[in-house]
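The structure is shown first.

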Amino acid sequence: MQPFDYVRPRSLAEVAQLLEEADAQTCILAGGTHLLPEIELGRIRPRLLIDIKAAPELNELRYTNSEGLTLGAAIPISQLLTSPEVRRHYPLLQEVARIWGSVQVRNRATVGGNICQASPAADMVTALLCFDAECRIFGPEGERWTPLERFLLGPGRTALKPNEVLVSVRLPSLGGKSVGAYRFVRKGKGGHVTLAGVAVRAVAISHGVASWRMALAGLASSPKRVSEAEHILEAGELNEHAIHRAAQKAADAAEPIDDARASARYRAALAPVLAERSIRAVARQMWGYGA
Amino acid sequence: MLNKWKLDTWITLTFGRDQAATCNTAHNKTPMSPHTISLTVNKQAIIVEVDPSETLAQLLRNRLRLTGTKIGCEEAECGACTVLVDDEPILSCVYPAVRAQGRRVLTIEGLAPNPRAGELHPLQEAFVTHGAVQCGFCIPGQIMTAAALLREKPHPTGEDIRKALKDTLCRCAGYPTIERAIQAAAHALRTGEPVPPPTCPPSSEPLYAVGKLHKRPDALEKVTGEAKYTDDLHFPGMLHAKVRRAGVPHAIVQRIDVSKARALPGVAAVLTAEDIPGECNHGLVVYDWPSLIGEGERVRYVGDALAIVAAETPELAEEALALIEVELDPQPVISDPVQARRPDSPKLHENGNLLKHIKVRKGDPAKGFSEADIVLERTYHTATTDHAFLEPECAIARPTEEGRLEVYVGSQIPYADRHQIARVLGWPEERVRVVGQLMGGGFGGKEDIAGQIHAALLAVATGRPVKLLYDRHESLIAHPKRHATQIRVKIGARRDGSLMAVETELYGDTGAYASLGEKVMTRATTHSAGPYEVPHVRADCYAMYTNNPPAGAFRGFGVTQSAFAIESMMDELAERLGMDPVELRRKNALRVGGVTNTGQVLRESVGLLECIEKVEDEMRRRADGDPFEPKTPPHAPHLRRAWGLAVAYKNTGLGGGAPDKARAEVELFEDGTLEARTSSAELGQGLVTVIQLIAAEALSMPPERVRVLVMDTDLTPDGGPTTASRQTYVTGNAVRMAATVLREGMARTLAERYDRPPHEIRFIEGLAHVNGHKVPLGEVARMMKAEGREPRVLYEYWAPETKPLGQGGDMHFAFSFAAQAAEVEVNTLTGEVRVLTVIAATDAGKVINPLGYLGQVEGGVMMGLGNALTEHFILEQGRPFTDRMARYRIPSIVHAPEIISIPVEHVSKDGPYGAKGMGEIVSIPTTPAITNAIYHAVGVRIDRLPVDQEQIALALAARSAR
């Protein structure tokens, strides 16, 4: 590996100060499971790494009924699996964390790193979209907030400006029991990259009525919400017709591409299949039917 | 406290690194600012200065010399580098060492409660006794990941184990055994009881040592992290080498300017083709592969080497590479063998693009087809695949004071390495010593030269030891692959299923250089009509040069490809005939007295019918009704399950008229131990156990008293190449004969000493029984020496003679046979395929080493499964897309089906104790068994590998839309 310098700031303020002096060759080091192989292969040649794992503001996992869930950018994915609050209020995040990478990678790779990598196929980011996640960003001009949806600008591109850092994401509290499901297809079970995935989450409002969210992985240039499907699911009784129509909206929203792993045609064909399966899995958990 | 050993190491290395830092500064590079960290490693407190770009794996391996932690990919993909930090498993190859400040690090060396006292952790013990250790390279990672799991879940389910080990890859792929070993260790940890023994069945007729369960002699060092692979070695003053590769698939080199690289401080040598003292080319069969491509010469693939650098550190060598100026004139790319054969295609070699046209002729195919009631024809394609052994290639060359050169390398053919290295150096062979090291897997991929010659050239040029270690990226780009093929099969049969004629036409993509391409494609061709008695056969194969990476040996050696084609075709034929697929195969199967396509009469050891019968019984016992009818599991209307069957045969030994011989030496010592020596290679497959057991059997002595020394061209006689499933048979026989001659010598000495006829002397469990005396073997050694006889025998064994293709007679001296049935589950909506069960019956003549046999079966099935479902070395106009582990997916434990191994033992008269080879045959039927099962489940015929789930899904969608 080519040489670089390393700093380990102890607070967000220190991070911010370092970033003010940062140039294009400064990288933020979160889990390192993506960054280090990139440096090893010579595709990124940093001069300085800023390690954000010692700054408390970037490492909190906190839940309050009023504010909901705050996930520091530097918390490892594995922490989602051990948090009782996540299990109680955001079980979809645990479902996705369990199928995310390997146990070794989950222990290091972070929520923030995963978001900032901006992969179109990011399973966790897709799940976060189902919770209206908002990004807390800090930079020379201070703090700003942006919805996760608008943070993602395409493969490898985010709304972070130079000298800014993603501090945390906040998931508003849901005011009820949330259930979720994530169905996905990878190539040759155990493959790493999701070809297509559909996350669905619902919160019961009253009997048979719920607020719904649906988001797609691998089916557009970034993970994306399918609000048309959400409207259908929220509009009335969840019957076969509604499930099919909502699944069809997932297919309509998909803008897949061809690549070495799969064709756009195949990805598009998966969208309604996975959407339907996720919707049914959610309905089954919530009301015991829909399978 | 730092102990002295570590302090010394630390000081030495800190000094070494300071030099590097100075060099960097001199070149206006960012000076590294070292950080002092304190941590505990294996309960020992350490204070060490680390550099920000240093990973924990590098700190552990290079500076603390804890080389049990392995590096397989540096991409966070393979899990080999797993260590525990504060009890959590992490990947140390992507963990900056500076982050270990204040942490507790546990590596394989510190896992046992008291490792210095030789104690083992129950996981280590279970991995040894259950035979979960093969090449051993992944084992530290497996054990550390499992240790973390058992801490969290003392009573893990199979699912827990598979989830935890999901991305801790094993290419020997004894995944089911690994799972059983972890369960056994969990039991021991929970209860405090001893580790439960394995349930692996012995040979049906075990002898004294042969055919019984024994621990691998090298297993202990592999579970403790003590085992040394090439990159674990370090020599004082060692330089680090890097290779400047062409990076384009086809070009003429206009200019190479290395002056700037040579001027970089810290660079000891930069060499180009001009600097080669001897012959430039190497090759196993044809010397067509240039060690370096010079100005005015032709680049034939992306991995061609243009220049090599040796520098004080790997980083400096890398920096020097970037300073080499190269001008290339790109040429049109030949990317497939059919294109290569077109007359208007550019010629890649002097003699054109045809490496070899291989022909098999038997009977009169035109007559055969005219007498057939049904004729089918189809064309199949198989993909380029990579061995993906977990240990990337490494070679160290070291000049000695006597003016010789030692080359440390994991090589399947040490004597061929020696020959090729000496040829390029322009030296006599004896001046080079190849010291073979443990290999983290080979599978055929470590037969050709990788870095050996480059390291040797640089060591000779600088007079210093030089290490050339490939990273995963370089390994994937540079070394030979499995041939991609196009295979057209035309088959004719009578209504009763009798095969009348088979005609095949094969195209093999041998890439830029010959490697073993001619041999591989010959095997593909001779086996292309399957293990059947067919009266009329015609096969033509065109092994073609292209601008893809070279293709060479890979477990299965061409038969993997042609078995997929013919076994798919046989299933299609069964369907068209309305015949049971098992029955069709049984009807045509080769049996004793049968004649192969090359005209060889099989006189003995043809266990194919028994393999078919055993597999069929087990399959029908498990299947609910007709195994070939699709079933829908309850509550899953979108899933279909069905079974598929395939059979295969594979030669043991080189065959085709090549002299096939091996030398082995045995020596008895006065302490009663024996050493068996041969240069044959241990690449994980278990040859050392086989040699140990055969020597022990021949001398009726306990196997633990037999040491095995392999792979050293100074100390071990030439056992020939480790290829063609030949070592158990050929080297096994050499060891057996050497031991038998020694035994006769011992008997003569004892006969004289006790004045009894030699035939009265019995050897029983390490003692010579003579005239009521029980004489320890060490005593016999002393007696022999006192008489002036050396208790040492060198034996050169010649395998039975074979005939070249086209001459009829015995083309091979033995064949192994196998039948496998696979049960798959296909998701009709997504096309995903899961293999649930594989039943594998394998006729290996005689099971010498039952744990090794099971390991080969499990690993072979997993490799066949990967070949069917996950593996594809993707090339885009000669450029690899799959240039990293993340893109080349080998099966993980989550892919592992239940694997039922059924040994079949049709003894081979001339094999050692009746054994023949089995390393390759176990892998060959798996792929077509799976693809046939897919057809039975959902009616989609797979004619292109790997199986594309997308193709299945879209075909099913199109069908339901109709």
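In the classes used below, Ala, Val, Leu, Ile, Met, Phe, Trp, Tyr, Cys and Pro count as nonpolar, Asp, Glu, Lys and Arg as charged, and the others, Gly among them, as polar. By this scheme, the lining of the second largest cavity has nine nonpolar, five polar and two charged residues. The model is predicted.

**Second largest cavity**
- The volume of this cavity is about 140 Å³.
- It is lined by 16 residues, and B:Arg245, B:His282, B:Trp289, B:Ala450 and B:His454 are the closest to its centre.
- Strand 10 (289-290) and helix 13 (452-462) of chain B are the elements that each give two or more residues to this lining.

**Largest cavity**
- Eleven cavities of 30 Å³ or more are counted, and the largest has a volume of about 600 Å³.
- Its lining comprises 38 residues, with B:Gln685, B:Ser725, B:Gln856, B:Met918 and B:Gly919 nearest the centre.
- Helix 22 of chain B provides the largest share of this lining, four residues.
- By class, the lining of the largest cavity contains 15 nonpolar, 17 polar and six charged residues.

**Sheet and packing helices**
- Five strands of chain B form an open sheet in the order 2-1-5-3-4, with mixed pairing.
- Strand 2 (44-50) and strand 4 (88-91) of chain B each have a single partner strand, so one side of each lacks a neighbour in the sheet.
- Strand 3 (residues 82-85) and strand 5 (residues 104-106) of chain B run antiparallel and are joined by two bridges; B:Val85 stands opposite B:Val105.
- Helix 2 (residues 56-63) of chain B packs on the sheet, at about 105° to strand 2 of chain B.
- Helix 4 (residues 139-152) of chain B lies across strand 3, strand 4 and strand 5 of chain B, at about 40° to strand 3.

Technical notes:
Residues are numbered from 1 along each chain as its sequence is written. Chains are lettered from A and ligands numbered from 1 in the order in which they are written. This is a predicted model: local features need pLDDT of at least 70, side-chain atom pairs count only at pLDDT 80 or more; totals for chains, interfaces and linings use all residues. Side-chain values use heavy atoms; hydrogens and water are left out. Two strands pair if DSSP finds at least two bridges between them. Contact means heavy atoms within 4.5 Å. Axes are lines fitted to C-alpha atoms, for helices over the stretch in contact, and angles run from 0 to 180 degrees between N-to-C directions. On a 1 Å grid over the protein atoms alone, a cavity is a set of points where a 1.4 Å probe fits but cannot get out, and a pocket is an open set with protein on both sides within 12 Å along at least five of seven lines; lining residues have an atom within 4 Å of a point. Grid points are joined across faces, edges and corners, and a volume is the space filled by probe spheres set on the points.
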